[in-house]
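I record each look-up in turn.

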Amino acid sequence: MEGKNLNKGYQAKEVENRWYSYWEEQGLFTASEESDGKPFSIVIPPPNVTGVLHMGHALNITLQDILCRYRRLCGDNVLWLPGTDHAGIATQNVVERQLAADGNDRHEMGRKRFIEAVWEWRRKYGSAIIRQLKSLGASCDWTRERFTMDQGLSRAVRKVFVDLYEQGLIYRGNYIINWCPRCSTALAEIEVEHEEHGGYLYYIRYPYVKGEGGPVVATTRPETMLGDTALAVHPEDNRYSDISADRVILPLIGREIPVIRDEYVDMEFGTGALKITPAHDPNDFIVGERHGLDRIKVIGDDGKMTAEAGEFVGMDRFECREAVVEALKEQELLIKIEDYTHSVGHCYRCSTIVEPNLSRQWFVKTEPLAEKAIDAVRQSQTRIIPEKWENDYYNWMENIRDWCISRQIWWGHQIPAWTCEDCGELIVSMNDPATCPACGSANLARDPDVLDTWFSSALWPFSTMGWPEKTKLLEIFYPTSVLVTGFDILFFWVARMMMMGLHFMGEVPFKDVYVHALVRDEDGRKMSKSSGNVIDPMDMIENYGTDSLRFTLAAFAAQGRDIKLSEKRIEGYRHFINKLWNAARFAFMHITEPHPKFEENSLGLADRWILSRLRRTADGARDALDNYHFNDGANILYRFVWHEFCDWYLEISKPALYGKVDDTAAKGARAALWRVLHDTLIFLHPFIPFVTEEIWHKLPGTKGSIMTAHIPGTDIAYQEIHIDPGAEAQMDLIMGVVTAVRNIRGEMNIPPSALLSVLVQSDSQDVRNTVDRHGDVIAALARLEELKTEKAGEKPGGTATAIVGDATVSVYLEGVIDFSKEIERLEKEIAKMDKELAGLSKKLGNPGFLAKAPRSVVEKVRSQYNEGAEKIEKLKTNRDRIKSLESVQS
């Protein structure tokens, strides 16, 4: 029999397209500036305009959407503000590659035409990531979508720059910065990704100006020695306490450089003598500042050696390294070379090895801004969840360095600074100046650099709501309620939003920061194209439906624990979606009236039990979502739907629903069934919005979208459903007896068709009464032909037993199974398992396997061994149990 208006199978793609269009058309995602509802707001971490949805995005968007849909159901006025980031370096690289494929070059085009080409690219391809977010079910307020380069945000960026400059918090100066020769731009500290590299430590002698010998210096970068301006030792290093010489000769260059004493020198590294290259090392730069040393730049912005490098001019930096080593060997100044593993910085965009380089850049003075951001977290104005991330936040903020915000590219917010080419006056202004305010000259040159992408992103929570104007949106929704983000941008973005929000708005940008973990593969490895273990969320949506993917991610999103994801797990949760669908189809066979009322005297035990369990589930799910325990919320609902509602209640209620009891029982069952399905759909909606919307519209008594419903527990009517400990205790006993019989049936290899005889013994009159009163339910579910109860006493012969609370359940086996054949079958299975375990044990005892095999493979084999050992113990227990029964029989 077909369920009312529900297809036999759930067709995800058709349902998803239809309902997402409906939600948008009905304006159900749009926040109101007139609502009396409690404001709840989230700003989306803006994906790059070049972005393609990956599983990290899918997790992030799913968690945000769960919160937004949940808060709407709670009656809140929800603003989920979306947008995209212009992604300066990434976007410029993409467009440059496209132009190169067409035989064009940005330098030949010029800045204006190139920027036009980037905008055109954005118009054509920039909405791809938005379409993918929509396919995930993201209920963002698309009427308020923003872009970090749109007119309003550009004005906000310019005002922040000008204000900070006028407040002395932005300055321009020569400083050591991280430089990417490939991208030809500066990088902030956190835009540099460090990797362990196998390299060498070169020991080089620096001859004294007078006399023989000279101190030996160890370095990993011999090409930078060409720019050395001092040699440093620690003032307390006894190895150098007798040195009277105050100068040495710089090898290969021949320049005399001073010997200085500075506590920065690590006496444990190398020989304790350190070459100082202020133009190519950030720590050397600081030492050089203290001692007034020259800064000689020998590696240019293109990664090639400058004229200051002497005979090595024009060489690539790594080619120069080899040439310098050979030259040192010829002059017998290279003492030795040792293997050395060290951390090397790479550009986060193109993976080129970064060069610390002296450059004139723009910086934000971060220390004054960081102090307020630290205090805000310490004073709980903003909570970081899980709390363990607070220490990382404090550590980074307390050791923060000035932020280099200028980038030597064309795509981005051009810095609003001009230099008068006649008098040198620097002008920073909200409006483009026509003349120099100092000398009146019109000969002004604008700074060609653009701002770091993260500069505009740091203003996102308030610039997207209309700042610097005092908008109603800001008044209602700022500060935002929560930011959901990955830990990898805690410092890139979150810390900077805290600093800017507090400085310009006087309030924290968000009350909570929920930091989710990484999505890894099933073996716990990071997903990467090179490893071939990437799971594409769009493929999973195509194959299993959006709801299956969303529920999987939520079910494994435990606080502080990475998600181990596999396609099999997503497929498994599709079974859950189908289970819910089939339960609804069954329900619609019996629910014919809208919102059937129930009275206490019409409810059977199973009805009272399922309503009690519904109330507990509702309380648990609300508590989980209120506290960002997404996995707990998903799993509470999963267990209720699958194991309590479908596995038990629907089976137990069938006689009443089919009219095999009486009208009162049927009425109570229909009322309970309607209420459970109704409330469960609402609770599941934030996790699996599409299938719940589809079922909701077929459920008698519902009006409009499920998005406009009220979460159970937030309305007064929900008080009619209360927790019933008595019903739960009785059902626990009934389910326990049935489960015990089923387990014995499985362990003894008894076919499902065989009807069994069971005795339940207990000293508790309540236990015996419950079993007697509901014997028909137990018999039907456990497939019994006879069920008896008696006081506790001697165990009957020829039975297998199990303990259920205060009761002993005995299943009569004589005449049901052939003891000899069953013992023979178990012996064969034990022998087979012994052989398998021996093979696994041999592997685990092999030192070569343990040393060479990937950790995930070793863990898998160990898990297989433990599972096998557990299984063989159960087999032996069953065999011994049957042997004892056989001996009693004989």
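How much space lies in the second largest cavity? I find about 50 Å³ there. The model is predicted, so to speak of local features I need pLDDT of at least 70, and side-chain atom pairs count only at pLDDT 80 or more, while totals for chains, interfaces and linings use all residues. I number residues from 1 along each chain as its sequence is written, and side-chain values use heavy atoms, with hydrogens and water left out.

Entry 1, cavities. I searched the whole structure and noted four cavities of 30 Å³ or more. On a 1 Å grid over the protein atoms alone, a cavity is a set of points where a 1.4 Å probe fits but cannot get out; a pocket is an open set with protein on both sides within 12 Å along at least five of seven lines; lining residues have an atom within 4 Å of a point. Grid points are joined across faces, edges and corners, and a volume is the space filled by probe spheres set on the points. The second largest cavity is lined by G88, I89, E191, Y348, R407, I409, L451, D452 and T453. I class that lining as four nonpolar, two polar and three charged residues (Ala, Val, Leu, Ile, Met, Phe, Trp, Tyr, Cys and Pro are nonpolar; Asp, Glu, Lys and Arg charged; the others, Gly among them, polar).

Of its 45 lining residues, T220, R221, D281, H342 and S343 lie nearest the centre. Strand β7 gives the largest share of this lining, seven residues (strands are DSSP runs of E, at least two residues, and helices of H or I, at least four, numbered from the N terminus). I count 18 nonpolar, 15 polar and 12 charged residues in the lining.

I looked up α18 (residues 567–588) against α21 (residues 663–684): the angle is about 150° and the axes lie 11 Å apart (axes are lines fitted to C-alpha atoms, for helices over the stretch in contact, with angles from 0 to 180 degrees between N-to-C directions). The two are therefore roughly antiparallel (over 145 degrees; under 35 is roughly parallel). In contact (heavy atoms within 4.5 Å), F576, L580, A584, A587 and F588 of α18 meet L673, L677, L681 and L684 of α21. This contact has nine nonpolar, no polar and no charged residues.

Terms used. Parallel < 35°, antiparallel > 145°, perpendicular 65-115°, else oblique.
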